[in-house]
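The following exercises are to be worked with the sequence and the structure at hand. Each task is followed by a solution in steps.

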Amino acid sequence: MSDQELQRLAEKLSLEKFAVPFLHKAYFNKRLRTTGGRYLLNSHNIEFNPKSYEIFGIDELIGIILHELCHYHLHLRGMGYKHRDADFRNLLKKVGAPRFCSSIEETKKKQITAIHMYECLDCKQQYPRKRRMNIEKYRCGKCHGRLKKISK
Ligand SMILES: [Zn+2]
Ligand SMILES: [Zn+2]
């Protein structure tokens, strides 16, 4: 995704979800490391971590844009724009944005805990897996029984 596409997406989300135009700049900054995005108090621009999009896709990016737009709009209106402010929390809820400037590390952890769980039909041995597993192909390591998926 180019900076221009990111800019258009931020403008669109701002109108759709906040009914107020986004009049500053949105762009990717490769130097952001742990956060998905950052609202700059002085310039009112918003920087985004290109990795958030590359690794986690468009839904993740939209969440981060909405989160940063909450900082942006509240700050410009002179309202509570910080994470602990009630104004901020209420606006996040209203637009359905994630609570934190989604950190790459945090999101990675979240993904790893969202595991697929398989169970042997015979001995009930459980196999947590980070990835989907082809249960036609793999059998239980203990008894060679068939596996079934028991959670997402
Ligand atoms: Zn934030
Ligand atoms: Zn088994």
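A residue is called buried when its relative accessible area is under 20%, exposed when this is over 50%, and partly exposed in between. The model used here is predicted.

**Exercise 1.** Determine whether H73 is buried or exposed, and state which residues it touches.

Solution. First, locate the residue: H73 lies in helix α3. Next, apply the cut-off: the relative accessible area of H73 is 3%, which is under 20%, so H73 is buried. Finally, list its contacts: leaving aside residues up to four places away in sequence, H73 touches S14, F18, V20 and P21.

**Exercise 2.** Describe how helix α1 and helix α3 meet.

Solution. Begin with the axes: those of α1 (residues 3-18) and α3 (residues 58-76) come within 10 Å and cross at roughly 65°. The crossing is right-handed. Then identify the residues in contact: α1 contributes L6, L9, A10, L13, S14, K17 and F18, while α3 contributes I58, L61, I62, I65, L66, L69, C70 and H73.

**Exercise 3.** Identify the protein donors of the zinc ion (ligand 2) and the geometry of its site.

Solution. The donors are the SG atoms of C120, C123, C140 and C143, at 2.2 to 2.4 Å from the ion. Along the chain, these donors follow the spacing C-x2-C-x16-C-x2-C. The angles among the four donor atoms are 100 to 118°, and the site is tetrahedral. As to accessibility, C120 is buried at 0%, whereas C123, at 30%, is partly exposed.

Notes:
Residues numbered from 1 in each chain as written. Chains lettered and ligands numbered in written order. Predicted model: local features only at pLDDT ≥ 70, side-chain atom pairs only at ≥ 80, totals over all residues. Heavy atoms only, no water. Donors = N, O, S within 2.8 Å, 3.2 Å for Na, K, Ca; no water. Tetrahedral: all angles 85-135°; square planar, octahedral: opposite > 155°, others 65-115°. Buried < 20%, exposed > 50% of the residue type's maximum accessible area, 1.4 Å probe, protein only. Axes fitted to C-alpha atoms, helices over the stretch in contact; angles between N-to-C directions. Helix = DSSP H or I, 4+ residues; strand = E, 2+ residues; numbered from the N terminus. Left-handed = near helix turned anticlockwise from the far one by under 90°. Contact = heavy atoms within 4.5 Å.
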